Amino acid sequence: MMMQEKTLCKLCRDEADELEDFCTECMCKVPGFLLEALTVEAHYVLGAFGDVLDFTSASIQGDWVTLFLSRDWRSVESGKSMQIKLTDIDWLTVKENFK
Ligand SMILES: [Zn+2]
């Protein structure tokens, strides 16, 4: 008989929660919309540094978040990626789904 393969957390590769793509630890540490941005491209907006950043997808390395910007932000051009700390994020939402 085949063993049912365990679902692994898409972020830390630990065992994910049942019916979830991520483990409890990651879901507690990382905002839901940011977890979504790891796998689903959309128009996301976040507040940080008293400013607003628009991005389409993200990746996470430890305490750092890499954002793929969809609008120029200060000296960073649209289409470029930039990294901010997870703790720099004040708020986060999804503005528009591309599906
Ligand atoms: Zn995890």
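Visitor: How many helices and strands does the protein have?
Guide: The protein has two helices and five strands, where helices (H or I, at least four residues) and strands (E, at least two) are DSSP runs numbered from the N terminus. This is a predicted model, in which local features need pLDDT of at least 70 and side-chain atom pairs count only at pLDDT 80 or more, while totals for chains, interfaces and linings use all residues. Residues are numbered from 1 along each chain as its sequence is written.

Visitor: And what pattern does the protein follow along the sequence?
Guide: Read that way, the pattern is α-α-β-β-β-β-β, and the C-alpha trace spans about 55 × 30 × 20 Å along its principal axes.

Visitor: In what order do the strands sit in the sheet?
Guide: The five strands form an open sheet in the order 4-3-2-1-5, with antiparallel pairing; two strands count as paired if DSSP finds at least two bridges between them. Strand 4 (81-85) and strand 5 stand at the edges with a single partner strand each, so one side of each is left without a neighbour in the sheet. From one strand to the next, the twist averages 45°, taking axes as lines fitted to C-alpha atoms (for helices over the stretch in contact) and angles from 0 to 180 degrees between N-to-C directions.

Visitor: How many bridges join strand 1 to strand 5?
Guide: Six bridges join these antiparallel strands, and V45 stands opposite T93 in strand 5. Strand 2 and strand 3 also pair in the antiparallel sense over six bridges, with I60 opposite V65 in strand 3.

Visitor: What about strand 5, is it covered or hardly covered?
Guide: Strand 5 is hardly covered, as the count of buried residues among its seven residues is zero. A residue is buried if 20 or more other C-beta atoms lie within 10 Å of its own, exposed if 12 or fewer, and partly exposed in between, with C-beta atoms placed from the backbone. Across the protein, buried residues make up 16% of the 99 residues.

Visitor: Switching to helix 2, which residues are buried there?
Guide: In helix 2 (residues 32-39), the buried residues are L34, L35 and A37. Seen down the helix axis, they fall within an arc of 155°, so they line one face of helix 2; the arc is that of the directions from the helix axis to the C-beta atoms. The face turned away from that buried side carries the exposed residues G32 and T39.

Visitor: Why does G32 count as exposed?
Guide: G32 counts as exposed because it has 11 C-beta neighbours inside 10 Å. G32 and E96 are 64 residues apart in sequence and 15 Å apart in space, C-alpha to C-alpha.

Visitor: And what covers the buried residues of helix 2?
Guide: The cover includes helix 1 (24-29), strand 1 (42-48), strand 2 (51-61), strand 3 (64-69) and strand 5 (91-97). Helix 2 lies across strand 1, strand 2, strand 3 and strand 5, running at about 65° to strand 2.

Visitor: Which residues touch the most other members of the largest nonpolar core?
Guide: Of its 16 residues, F22, C26, L34, F55, A58 and L67 touch the most other members. Such a core is a set of buried Ala, Val, Leu, Ile, Met, Phe, Trp, Tyr and Cys residues joined through C-beta atoms within 7 Å. Helix 2, strand 1, strand 2 and strand 3 each supply at least two residues of this core.

Visitor: What does C26 touch?
Guide: Not counting residues up to four places away in sequence, C26 touches C9, L11 and C12, where contact requires C-beta atoms, placed from the backbone, to lie within 7 Å.

Conventions:
Contact = placed C-beta atoms within 7 Å.
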